Amino acid sequence: MGKIFDAAEVARHNTSQSCWVILYGKVYDVTDFVSQHPGGAKVILNLAGKDATEEYDPVHPEGTLEGNLEPEALLGDVDPTTIAQPEQKPTDSEKAIEDVPMHTLLNMDDFEELATRKVNKKAWAYYYSAADDKITKRWNTEAFRSIILRPRVFIDCSECDLDTMLLGQQVSLPIYVSPAAQARLGHPSGEAGIAEACRSIGALQIISNSASMTPEQIVANASSDQVFGWQLYVNDDRSKSEAMISRINKLSAIKFIALTLDTPVMGKREDDQRFGNVIDELTEQSSPETLKHREKQVFAGMDPTLTWAETLAWLAKHTRLPVILKGVQTHEDAYIASLHRPQVKGIILSNHGGRSLDTSPPAVHTLLEIRKYCPEVFDQVEVWIDGGVRRGTDVVKALCLGAKGVGIGRPPLWGLAAGGVEGVKRTLQILADETKTCMRLLGVQRVEQLGMHHINTRIAEGQIYDGPSGLEACRAKYRSKL
């Protein structure tokens, strides 16, 4: 029988030299792991000597403990009677928040406002945060507002069909759920709850590489026709990525891999820093060794050495699944991606929700840039976008510009936090209904009928890149692929 610890004894081990934590009623010695934690030492040390279950559980999928700690790190069990249990009674205002019916929420702002009131500050910061001054996050939405719609009249619009094909897969609408991590911060059903909502409406979902549940758990209740993709961040320890890809290859519900390229290093997200989602703050007196160690921790797990020549060839050795490249932000990279077909089936124009490089372009501008410099890309690979989508009119404008799929990242998280599975269903249904309404008012019955003649992009075109195309250099470098 294992040893039983008193919580007071565990509490004495609260330093980097001797760091114990309680997880799920068990006591672990994590001293050796503190310096290796991808989120930084401070995250663990803040919970040293304490019951860390409430903080740990929503952000770590099943198997994380076993995959990162040696068996001897498990010291025994904690006597539950020695752990103080604070009395938690909901206030009247908290009860009122819980009782908000989902049908009374009418748009994405309603969901964000309610979710902000319901989740803790740490969860809010993770979902809301963006890089630096959040300029790109704001531009992502404003770019859609700069495009004007051109309605046509005297057209039968009694029927409207959102069915479409994404990477050869039939889906019920061109709106997909972008990969977004740590869904269980907002609601216990997590990414599986989002999957349930997607199943109900026929939407495609890309599972985050950093999901709070395993991919097996997320797709466990998928319908036979439900479509998933899986996001890949290449780990600097390639064996870890290879092991995960091997698991993904065995899941028939996952139809493609979305290789994410827009975050080789983490952007500076100050909301996350304020509420403890990132590692230790440093002072001017920090030593060069400490700074070097911090840099390693900030980017722990992400491989910043990815290249066209090496990474796609490596990926081809480990999966036959189609690849879509997420994070393309210039026409040059869109063009180069198109040269790597048939392995690369598509690209996602994305700036990571404004979370990586502030003042990088919104996807709408990159769409226009491709149309200006290399429109043939649209015929070579599927072009999807994400970032800033808040209305069905945004979806329609992206489709008019040539996008095949339109992703939403934060809205499903806010929907989940606001109302669980029903909140996500309501989020998707609102956007689908708004998309249909917009199409009907334009005089359009089917997604494939949408085109540039339905929009006026004069304002947006004045904001896109206007320098040399750079494509001759690309053609020269990749001549063998042409």
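Reply: Two strands count as paired if DSSP finds at least two bridges between them. In general, strands of a sheet pair through backbone hydrogen bonds, either parallel or antiparallel. The model is a predicted one, and it contains an open sheet of 4 strands in the order S1-S4-S3-S2, with mixed pairing. Strand S1 (3-5) and strand S2 (20-23) stand at the edges of this sheet. Each has a single partner strand, so one side of S1 and one side of S2 are left without a neighbour in the sheet. From one strand to the next, the twist averages 40 degrees.

Helix H9 (residues 190-201) packs with helix H19 (residues 410-442) at an angle of about 20 degrees, and their axes are 10 Å apart. Angles under 35 degrees count as roughly parallel, and H9 and H19 are therefore roughly parallel to each other. Their crossing is right-handed. On the H9 side, the residues making the contact include Gly190, Gly193, Ile194 and Glu196. On the H19 side they include Pro412, Leu413, Leu416 and Lys425. By class, the contact of H9 with H19 has 11 nonpolar, 4 polar and 2 charged residues.

Technical notes
Residues numbered from 1 in each chain as written. Predicted model: local features only at pLDDT ≥ 70, side-chain atom pairs only at ≥ 80, totals over all residues. Heavy atoms only, no water. Axes fitted to C-alpha atoms, helices over the stretch in contact; angles between N-to-C directions. Helix = DSSP H or I, 4+ residues; strand = E, 2+ residues; numbered from the N terminus. Parallel < 35°, antiparallel > 145°, perpendicular 65-115°, else oblique. Left-handed = near helix turned anticlockwise from the far one by under 90°. Contact = heavy atoms within 4.5 Å. Nonpolar A, V, L, I, M, F, W, Y, C, P; charged D, E, K, R; others polar.
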